[in-house]
Amino acid sequence: MSAKKLKVAIALGSSCAGCDVAIVDLGEKLLEVFDRVDIVYWPTAFDYKLEDLKALEDGSIDYALFDGAIGTSEDREIAELLREKSKNLVAFGACACFGGLIGLANLTVARELLETVYVRTISTDNPNKVIPQPKSDVNGLTLTLPEKLDTLLPLSDVVEVDYFVPGCPPESELVEKLFTGILTGEMPPKGYTFAEEHTLCEDCPRAKSETRKILEVKRRHLTKVDPEKCFLDQGILCMGPATRAGCGAKCIKANMPCRGCMGPTANVRDQGAKFLSAIASILGEDTASEEELAKIVDQIVDPVGSFYRFTLPSSILKRKVVREGA
Ligand code: SF4
Ligand code: SF4
Ligand code: SF4
């Protein structure tokens with residue numbers, strides 16, 4: 001008699017579905033996974049509906065992966081259902097682990113977001129300024145949009161999470177490590193993050209200066225970069241000192257600075273604050289005047305978007321307070 005197959009579910013909240021693509025990127029390994037587990041819910045890849053998830057018995061899913069953040073009432077419902085139905089719940093990707101890129105929505109309110117996306121962007125052709133409504137009638141059917149939560153949240157703010165796989169999306173080596181653990185039954189203890197404990201700088205092959213000073217902040221796309229030298233030594237912001245290793249320094253090797261998608265190390269509460277403190281310590285304060293220092297700081301374009309690109313909802317700040325009409 002063949003061994004009982006593990007039951008696996010993959011669900012998503014507010015997500016770009018890039019994390020689902022990262023699973024498909026397993027390639028041939030995915031065939032082995034399909035052979036050895038029963039996929040009981042994966043609406044991105046198959047024709048599953050929420051009713052199918054609701055119909056599963058509580059605790060019947062062995063491993064559930066959730067990608068995306070909790071941005072709407074529907075995301076919250078899916079996360080709570082998944083928790084009820086699963087023995088092990090995995091926050092898969094930066095959005096699920098920390099709130100992710102989409103977490104920058106916490107800098108504004110729903111009305112502003114809708115107007116930006118549907119009306120204001122340069123590529124939008126919407127002369128009547130039509131934006132989605134909470135309720136609309138289409139061919140006799142009433143469609144209701146899920147309610148947007150006031151503050152977008154990481155998965156662990158809503159339900160208990162057993163494992164974390166950071167990255168935007170998670171690197172294929174980490175995805176493979178997760179599925180190997182699931183298939184062999186050799187999973188790490190609950191609470192484990194599929195990443196390294198040290199910072200990315202410790203894995204980085206670039207030459208670093210011991211006496212680093214930033215006298216000018218430059219932007220990567222406007223700068224000719226020395227591919228052998230630390231980005232910070234060249235005045236280009238790189239989140240390496242505040243970011244957990246485990247991605248294989250993929251961006252660094254492609255001559256791009258790290259933007260921090262693996263999140264902070266385990267002993268750091270707030271990735272943006274950690275980076276801010278790292279930067280503050282290397283500004284040329286012993287050689288620059290106060291005016292010159294202010295000028296250097298002014299050269300940092302979009303500090304919140306840069307320092308909290310993936311972690312605003314899990315940071316101490318969490319969101320900006322926006323008074324509508326103010
Ligand atoms: S972590 Fe990145 S790839 Fe995954 S859902 Fe979020 S934005 Fe998309
Ligand atoms: S700051 Fe960036 S480039 Fe410099 S050592 Fe750290 S990861 Fe490498
Ligand atoms: S280098 Fe930084 S941004 Fe790039 S994959 Fe690694 S952690 Fe993410």
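## Helix packing

Helix 2 passes helix 7 in a left-handed crossing, a term that applies if the near helix is turned anticlockwise from the far one by less than a right angle, clockwise being right-handed.

Axes are lines fitted to C-alpha atoms, for helices over the stretch in contact, and angles run from 0 to 180 degrees between N-to-C directions. Helices (H or I, at least four residues) and strands (E, at least two) are DSSP runs, numbered from the N terminus.

## Basis of the model

This is a predicted model, in which local features need pLDDT of at least 70 and side-chain atom pairs count only at pLDDT 80 or more, while totals for chains, interfaces and linings use all residues. Residues are numbered from 1 along each chain as its sequence is written, and chains are lettered from A and ligands numbered from 1 in the order in which they are written.

## Domains

The chain is divided into domain 1 (6-102 + 149-184), domain 2 (111-148) and domain 3 (200-314), with bounds that come from an automatic or database domain assignment. The centres of domain 1 and domain 2, taken over C-alpha atoms, are separated by 28 Å.

An open sheet is formed by 5 strands in the order 2-1-3-5-9, with parallel pairing; two strands pair if DSSP finds at least two bridges between them. Strand 2 (37-41) and strand 9 (163-165) stand at the edges with a single partner strand each, so one side of each is left without a neighbour in the sheet. Neighbouring strands of this sheet are turned by 25 degrees against each other on average, direction ignored.

Within the sheet, strand 3 (residues 61-67) pairs with strand 5 (residues 86-92) in the parallel sense over 5 bridges. Y63 has N88 in strand 5 as its bridge partner.

## Antiparallel hairpin

Strand 6 (residues 135-138) and strand 7 (residues 141-144) run antiparallel and are joined by 4 bridges. D137 is bridged to T142 in strand 7. The two strands form a hairpin with 2 residues between them, and N139 in the turn has a positive phi of about 50 degrees.

## Ligand surroundings

A residue is near a ligand if its C-beta atom, placed from the backbone, lies within 6 Å of it. Around ligand 1 there are 13 residues, of which G18, C19, G93, C95 and C168 come nearest. Helix 1 (18-24) and helix 5 (94-98) are the elements that give two or more residues to this shell. The shell divides into 7 nonpolar, 5 polar and 1 charged; Ala, Val, Leu, Ile, Met, Phe, Trp, Tyr, Cys and Pro count as nonpolar, Asp, Glu, Lys and Arg as charged, and the others, Gly among them, as polar.

Ligand 2 has 14 residues around it, with C201, C204, C230, C238 and G240 coming nearest; the classes are 11 nonpolar, 1 polar and 2 charged. The residues surrounding ligand 3 include C247, C251, C258 and C261. Helix 9 (residues 250-253) gives the most to the shell around ligand 3, with 3 residues, and this shell has 8 nonpolar, 2 polar and 2 charged residues.

## Backbone exceptions

Most residues other than glycine have a negative phi, and most peptide bonds are trans. C168 and P169 are joined by a cis peptide bond with omega of about -10 degrees, and P169 lies in the loop between strand 9 and helix 7. N255, which is not a glycine, has a positive phi of about 65 degrees; N255 is placed in the loop between helix 9 and helix 10 (271-280).
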